[in-house]
Amino acid sequence: MITGELKSQVDKIWEAFWTGGISNPLSVIEQFTYLLFIRRLDERQLLEEKKANTVGIPIQNSIFTTAQKELRWSSFKNKDPESMFEVFTKPSIDGMTVFDHMKQVGDSAGVFAEFMSKATFIISTPRLLDQVVQLIDKIDMKDRDTKGDLYEYMLSKIASAGTNGQFRTPRHIIKMMVDMTQPKKDDVICDPSSGTAGFLVAAGEYFRDNHQELFLDKSFRDHFNNEMFNGVEIDDTMIRIGAMNLQLHGIENPNLIKNDALSESAAAIRNQYSLILANPPFKGSLDYDGVENSILKVVKSKKTELLFLGLMLRMLKTGGRAAVIVPDGVLFGSSNAHKQIRKELIEKHKLDAVVSMPSGVFKPYAGVSTAVLFFTKTGTGGTDTVWFYDMTADGYSLDDKRNEIKDNDIPDLLKRYHNLAAETNRSRTDKSFLVPFDEIKDNDWDFSINRYKEIIYEEIEYAAPSDIIGEIEVLDQERNQALAALKKMLG
């Protein structure tokens with residue numbers, strides 16, 4: 001949870017960028033990310049130096065040479081604004097600037113360094129650079145939770161859709177999906193449209209919150225830091241932001257792939273993951289020749305929301321699970337492609353649950369109605385019943401303000417999902433209930449809850465027409481009497 005002090009510090013950094021001429025939220029976050037990374041490089045070097053001094057051996061993993069001292073955060077932060085700006089903009093030490101050094105660090109700085117080739121330094125004045133560096137330097141970032149909270153709050157300031165139609169998935173919805181899937185210690189988790197890596201971060205936090213004891217096991221720590229978390233993202237800015245987000249949340253070496261997950265070039269990614277968590281792009285459209293052929297065999301469509309479902313089936317191992325946000329149209333769309341993917345999920349695999357969410361969940365970014373599909377890849381079917389839940393409140397107002405409120409279905413949803421045996425006798429008028437496979441098949445593979453939910457209408461008794469007419473006549477008579485009295489008073 002972000003504290004008032006930390007929130008105030010981030011607000012000041014944001015305001016400094018804004019008044020300094022950098023007003024695009026993604027640009028602010030990216031420049032902020034670079035500076036955090038530069039500070040982190042120096043902190044890692046200081047840690048290596050401390051280790052070396054303690055045991056009396058040379059530094060094992062040096063990020064900076066002795067000659068590169070002026071490129072380190074602990075050095076340039078003490079310079080005057082003009083001198084600091086020069087070490088960022090004029091190659092000097094080993095023919096590099098601070099920014100050049102950051103871009104070429106390589107594997108020693110973790111996965112983030114792999115995606116720095118197209119990074120651009122756009123802070124244009126010494127005053128702004130000095131102001132932001134001094135503000136960042138004041139933040140105590142020794143604690144992993146503080147680092148993560150700081151970055152999450154920064155990401156929350158993205159107030160518009162961003163590039164390529166991307167928008168931020170609410171963190172409490174991500175947490176709900178993670179809590180429903182309950183990641184296992186040996187899971188290999190992927191988000192094929194990872195963006196800022198919110199789903200991967202939340203999965204990591206799930207283990208820290210619920211299974212802290214696992215981190216005592218070296219084999220689990222190695223798996224957690226090097227194999228468990230995987231993402232695919234096409235946008236350069238997003239993959240850099242996502243990499244930093246993961247590292248600030250204590251995930252040292254996530255496997256992030258710069259690629260279009262739907263393309264032929266990503267065809268090798270198949271049968272690799274045991275859990276997929278995602279909110280893939282909605283309303284996109286691709287030509288058939290831009291989509292990998294095995295996906296088109298599962299769902300012949302140009303719509304990205306359908307293609308990503310086919311992609312996930314290809315990427316999952318047999319027995320692998322998925323939780324994915326989809327627009328409502330996926331649930332009941334009447335095109336051949338819509339029916340094809342729904343039939344595929346429920347007939348050839350195991351559709352576990354459909355959670356219908358209120359349309360205000362993604363405000364102020366979008367007002368689209370959405371649902372979450374939970375399914376397991378089997379290749380042999382296995383769907384006996386499907387659990388439906390009608391979420392009408394998520395703990396926040398469903399307007400653009402999204403203020404916190406008392407009404408929240410998520411605790412009830414989690415409790416019921418993890419005890420489906422108690423759901424067998426639920427009425428179709430309840431918030432949740434089970435629907436048998438055959439009924440869904442008979443309804444043309446429709447996954448919308450309204451197809452199966454029963455609504456009880458209260459009977460309202462109205463007066464007989466003759467009684468209503470009589471009342472109107474009485475009122476009319478009283479009105480005429482009042483008019484006559486008024487005329488008499490006026491002479």
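Just after helix α1, Gly 21 takes a positive phi of about 100 degrees. This is a predicted model, in which local features need pLDDT of at least 70, side-chain atom pairs count only at pLDDT 80 or more, and totals for chains, interfaces and linings use all residues. Residues are numbered from 1 along each chain as its sequence is written, and side-chain values use heavy atoms, with hydrogens and water left out. Helices (H or I, at least four residues) and strands (E, at least two) are DSSP runs, numbered from the N terminus.

**Helix α1**
- Helix α1 covers residues 4-19, and its 16 residues should span 22 Å at 1.5 Å a residue, which agrees with end C-alpha atoms 22 Å apart; the expected span is 1.5 Å times one less than the number of residues.
- Its buried residues (under 20% relative accessible area, 1.4 Å probe, protein chains only) are Leu 6, Gln 9, Val 10, Ile 13, Trp 14, Ala 16 and Phe 17.
- Seen down the axis of α1, these buried residues fall within an arc of 155 degrees, so they line one face of the helix; the arc is that of the directions from the helix axis to the C-beta atoms.
- Gly 4, Glu 5, Glu 15 and Thr 19, on the other side of α1, are exposed, meaning over 50% relative accessible area.

**Lys 157**
- Lys 157 sits in the loop between α7 (144-156) and α8 (171-181).
- With 23% relative accessibility, Lys 157 counts as partly exposed, the class between buried and exposed.
- Leaving aside residues up to four places away in sequence, Lys 157 touches Val 10, Asp 11, Trp 14 and Pro 25; contact means heavy atoms within 4.5 Å.
- Lys 157 and Asp 11 are 146 residues apart in sequence, yet 9.5 Å apart in space, C-alpha to C-alpha.

**The sheet and its helices**
- Nine strands form an open sheet with mixed pairing, in the order β3-β2-β1-β4-β5-β7-β6-β8-β11; two strands pair if DSSP finds at least two bridges between them.
- At the edges, β3 (255-258) and β11 (432-436) each pair on one side only.
- Strands β4 (residues 273-278) and β5 (residues 316-327) pair in the parallel sense over five bridges, and Ala 278 has Val 324 in β5 as its bridge partner.
- Helix α8 packs on the sheet, touching β4, β5, β6 (350-357), β7 (370-376) and β8 (385-390), and its direction makes about 150 degrees with that of β5; axes are lines fitted to C-alpha atoms, for helices over the stretch in contact, and angles run from 0 to 180 degrees between N-to-C directions.
- Asp 179 lies in helix α8 and is buried, with a relative accessible area of 15%.
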